[in-house]
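Reader: I would like to learn how to read a model feature by feature. Please give me the general idea each time, then the case at hand.

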Amino acid sequence: MTDNTGTGAAVGEGAVAAFFDACARDAFDEAVACFAEDGAWIMAEGPEPGTTYRRDRIREFLVDLVKKREELADQGIGLVFEPAVVVGDRQIIEFTLRNGAGEVIDRGVDLFTLKDGLILVKDVFRKA
């Protein structure tokens, strides 16, 4: 189990690993560069179903996520990412949000689909 306490772990390989590394450093432009030009990040909640962030909106979304990550960290809540399962052009990464006592608050899966070595889709599935 990789505990990154909300800062991102070097999980996955290629563009996915680079994405997590950039996120850990709050290197927003580098994180966005891991996505294909027609890439998308689809969150679990929202009207579509989910909310889709196209590449031109991913940086802004990441900035907001960092603010939330910092708020959660101040409350003793951390994010744990498991190592990626790689199947062809897809990478699956389980995640768990835990409080200071280690209790699970939220859990889910990121499903990355790659195209030409870049992230085409980061699709998030979660259970609260």
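Reader: Which residues in H1 are buried?

Author: Some ground rules come before the list. This is a predicted model, where local features need pLDDT of at least 70 and side-chain atom pairs count only at pLDDT 80 or more, while totals for chains, interfaces and linings use all residues. Residues are numbered from 1 along each chain as its sequence is written, and side-chain values use heavy atoms, with hydrogens and water left out. Buried means under 20% relative accessible area, exposed over 50%, partly exposed in between (1.4 Å probe, protein chains only). Helices (H or I, at least four residues) and strands (E, at least two) are DSSP runs, numbered from the N terminus. In H1, the buried residues are Ala 15, Val 16, Ala 17, Phe 19, Phe 20, Ala 22 and Cys 23. That is seven of the 10 residues, and H1 is mostly covered. After H1 comes Asp 26, with a positive phi near 55 degrees.

Reader: How should I read spacing along a helix?

Author: An α-helix has 3.6 residues a turn, so residues three or four places apart point the same way.

Reader: How confident is the predictor in the protein chain, by mean pLDDT?

Author: pLDDT is the predictor's confidence in each residue, from 0 to 100. The chain has a mean of 89, and 91% of its residues reach 70 or more. Over residues 1-10, pLDDT stays under 50. Where pLDDT is low, the predicted coordinates should not be read in detail.

Reader: Which residues touch the most other members of the largest nonpolar core?

Author: A nonpolar core is a set of buried Ala, Val, Leu, Ile, Met, Phe, Trp, Tyr and Cys residues joined through side-chain atoms within 4.5 Å. The largest one here has 26 residues, and Phe 19, Trp 41 and Ile 119 touch the most other members. Elements that give two or more residues to this core include H1 (15-24), S2 (35-42), H3 (55-74) and S8 (118-127). H1 supplies the largest share, six residues.

Reader: What is Trp 41 in contact with?

Author: Contact means heavy atoms within 4.5 Å. Leaving aside neighbours within four places in sequence, the contacts of Trp 41 include Phe 19, Phe 35, Tyr 53, Phe 61, Lys 122 and Val 124.

Reader: Lys 122 is on that list. Is Lys 122 buried or exposed?

Author: Lys 122 sits in strand S8. Its relative accessibility is 4%, so Lys 122 counts as buried. Now the polar side. A polar contact is a pair of N or O atoms within 3.5 Å; within protein, one must be able to donate a hydrogen and the other to accept it, and residues adjacent in sequence count only if both atoms are side-chain atoms. The side chains of Lys 122 and Asp 110 make such a contact, at 3.2 Å. Not counting residues up to four places away in sequence, Lys 122 also touches others, including Phe 19, Trp 41 and Phe 112.

Reader: How many aromatic pairs does the structure hold?

Author: A pair of aromatic rings is described by the distance of the centres and the angle of the planes. Rings of Phe, Tyr and Trp (its six-membered ring) pair if their centres lie within 6.5 Å; planes under 30 degrees apart count as stacked, over 60 as edge-to-face and the rest as tilted. The structure holds 10 such pairs. Phe 19 and Phe 35 are edge-to-face: 5.7 Å centre to centre, 85 degrees between the planes. Phe 19 is in helix H1 and Phe 35 in strand S2, so this pair ties together parts 16 residues apart in sequence. Both count as buried, Phe 19 at 3% and Phe 35 at 1%. The rings of Phe 81 and Phe 95 have centres 6.3 Å apart and planes at 55 degrees, so that pair is tilted. Phe 81 lies in S4 (residues 78-81) and Phe 95 in S6, so the link spans 14 residues in sequence. One aromatic cluster includes Phe 19, Phe 35, Trp 41, Phe 81 and Phe 95.

Reader: How many disulfides does the structure hold?

Author: A disulfide is a covalent bond between the sulfur atoms of two cysteines. The cut-off is a pair of cysteine sulfur atoms within 2.5 Å. The structure holds zero. For Cys 23, the nearest cysteine sulfur is that of Cys 34, 7.8 Å away. That is too far for a bond. Cys 23 is buried at 15%, and Cys 34 is buried at 8%.
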